[in-house]
Amino acid sequence: MVDNERWLLRRRFDESFLQLVPGLDPIAARVLYARHLDSLPAIDRFLSPPLSLADPWLLPDLPKAVERIRAAIDGQEPIVVYGDFDADGMCAATLLTAALERCGAQVRAYIPDRFDEGYGLNSSALARLQADGASLVVTVDCGIRSSAEVATAQAQGLDVIVTDHHSVPATLPPALAVVDPKRPDSLYPFADLAGTGVAFRLAQALLDDQGDEFLDLVAVATVADIVPLVGENRALVRAGLERLRSEPRPGLAALMRSAGIAPGTVTSADIAFRLAPRLNAAGRLANARLGYTLLSSLSEDEAQAPAEQLEALNRQRQEMLDEQHRLAQDALGEAADGLCLFVALKGLHQGIVGLIASRLCEEHYRPTFVMTPTDAGLTGSARSIAGFHVTHALEGCADLLERFGGHEAAAGFTVRTGALPEFQARLLERAAETLGADDLVLSRRVDTIVDLQDLGLATPRALAQLGPFGEGNPEPLLASQGLAVTQVARMGREGRHLRLRVSGGAGAVKCVGWGLGDLADRLTTASRIDLLYTPEIDTYNGQEALQLNIVSLRLAQ
């Protein structure tokens, strides 16, 4: 039913494992075993990870950064924290600015405009900051690829410290200090911190304390930026979620209320699908300064207005994305079967080209590059698949680009005017060298195969204890085979979503498939299907019921 997919069982279950963990829910035990957490010490560490982080002084150039910042504080030099326009950048700017204020610094945050200034450092902005009196700029979540801008600032007497977490180029920017755990000479044992995670470690070094009040920001940024939720990130997000549930800062409390999230129950999924999109809507459609204003609010009353503005922007973003995704899909035409997908359309909103690229990449499972004309050329975003490191691929096109930067799976870039044909040719050549036919088939990693009758309301609660979920620790994916479809219908706006009831030897269970509405036309009550899903609790009128959130399905053999 869902085409071009491969379902792979992570690990065949050994029933004797249940005797080793008699206190664990049987389904949760199956998931742990599938992920090779099959000893009691490993399970204990996973279920209760201590917030024991590596020594922050192991981060490259951190001592130099702290020394210069402390000198600026002692001399009351104006410091600017230069952020980025996504949720990670907003959170990092909020965190480091607040930490520096606690240290007695004369400090303010600067959030660039996506449309006027673009990604990374901007020389004009740096010149204005210096003219306004700044003598030190500390970047957060940006700067690692801004060598020219840093060199210009340093030559003009403006000191720059770069803190970032993105992929490191062959030549570092000539800043006073470059703090990035991905540097090849880094002694720090965990390379996958978010930008806010790096800012948090710098803040801890400056404050010489744990900085617990910042953990909510770290959790939001780490989940929002889709960095692996393993190691230190897993521990930070778990601790940050506890902070969000008990003592959220006023801005996040207001945002949760606006999104309909009860603070005491907030999860990593709530961050990923409800909080992060609202924060990111500011940078996509307006100015990310709005997100910073919310996060730095000192009371919920102060935070109410920016929270309402973010809510309205997010609704606008959803409507615009639906419309422009259809335009991009139409523009692809037969080219949707290529090794890479390219869309260059006038009129696409610069703030949502990344979201369009994400949808197209998910639908066609190809590296995807979506662009729109701007004064600088063609500005766009890329999303990729396993096996194609998109930022490394862009490095091979550096002479064609005004700027670029990102991660393995996502990047932003601007193609110089007239360079699009060569840009496409080089990327297609690299894709042909690195991707085989099997790489272009999405693999679903199934944790365990279960009978529906073995599921109950206790199942989603038990599986929730394996969180937080995200990149590197995905939500458990269960499979059930040979299910009878007893009801099928579309639901939601324009029938975009799927509603089923299925049975498999026990009572019928409700299922929902977000964005899978078209499958309703291919199913009947005579259909028997294999189902991939995550179990969840549906609450309606105070009543709880088991519900299966469909990830994929196919006709049973």
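## Second largest pocket

Ala, Val, Leu, Ile, Met, Phe, Trp, Tyr, Cys and Pro count here as nonpolar, Asp, Glu, Lys and Arg as charged, and the others, Gly among them, as polar. By that scheme, the lining of the second largest pocket holds eight nonpolar, nine polar and six charged residues. The structure is a predicted model.

The volume of this second largest pocket is about 390 Å³. Its lining is made of 23 residues, and those closest to the centre are Ile 144, Arg 145, Ser 146, Ser 147 and Phe 404. Two elements, α7 (147-155) and β10 (401-406), each give two or more residues to the lining. Strand β10 supplies the largest share, five residues.

The whole structure contains 33 salt bridges. One of them pairs Asp 447 with Arg 35, with the closest N and O atoms 2.8 Å apart. This pair links distant parts of the chain, 412 residues apart. Asp 447 sits in the loop between β12 (442-446) and β13 (448-449). Arg 35 sits in the loop between α2 (26-34) and α3 (40-47).

Are these two partners buried or exposed? Both Asp 447 and Arg 35 are buried.

Glu 242 forms a salt bridge with Arg 245, and the closest N and O atoms are 2.8 Å apart. Both residues belong to helix α10 (residues 231-246). They are separated by about one helical turn, because they are three residues apart in that helix. Glu 242 has 46% relative accessibility, so this residue counts as partly exposed. Arg 245 is also partly exposed, with a relative accessible area of 30%.

Asp 518 pairs with Arg 490, where the closest N and O atoms lie 3.2 Å apart. Why does Asp 518 count as exposed? Its relative accessibility is 58%, and exposed means over 50%. Arg 490 is partly exposed at a relative accessible area of 32%.

Salt bridges also join into a network. Asp 61, Lys 64, Arg 183 and Asp 185 are linked in this way.

## Helix α15

Helix α15 (residues 353-364) has twelve residues. At 1.5 Å a residue, the helix should span 16 Å. After α15 comes Tyr 365, with a positive phi near 50 degrees.

Which residues of α15 are buried? They are Val 353, Gly 354, Leu 355, Ile 356, Ala 357, Leu 360, Cys 361 and His 364. The elements covering these buried residues include the helices α12 (268-285) and α14 (300-332). The strands β7 (341-344), β8 (368-374) and β9 (377-383) are also part of the cover.

## Gly 195 in helix α8

Gly 195 lies in helix α8 (residues 195-207). This glycine has 1% relative accessibility, so it counts as buried; the cut-off for buried is under 20%.

What does Gly 195 touch, not counting residues up to four places away in sequence? The contacts are Asp 88, Ala 92, Asp 141 and His 165. Asp 180 is 15 residues from Gly 195 along the chain, and the C-alpha atoms of the two are separated by 8.8 Å.

Terms used. Residues numbered from 1 in each chain as written. Predicted model: local features only at pLDDT ≥ 70, side-chain atom pairs only at ≥ 80, totals over all residues. Heavy atoms only, no water. 1 Å grid on protein atoms, 1.4 Å probe; cavity = no way out; pocket = protein on both sides within 12 Å on 5 of 7 lines; lining within 4 Å. Points joined across faces, edges and corners; volume = space filled by probe spheres on them. Helix = DSSP H or I, 4+ residues; strand = E, 2+ residues; numbered from the N terminus. Salt bridge = Lys/Arg side-chain N within 4 Å of Asp/Glu carboxyl O. Buried < 20%, exposed > 50% of the residue type's maximum accessible area, 1.4 Å probe, protein only. Expected span 1.5 Å × (residues − 1). Contact = heavy atoms within 4.5 Å.
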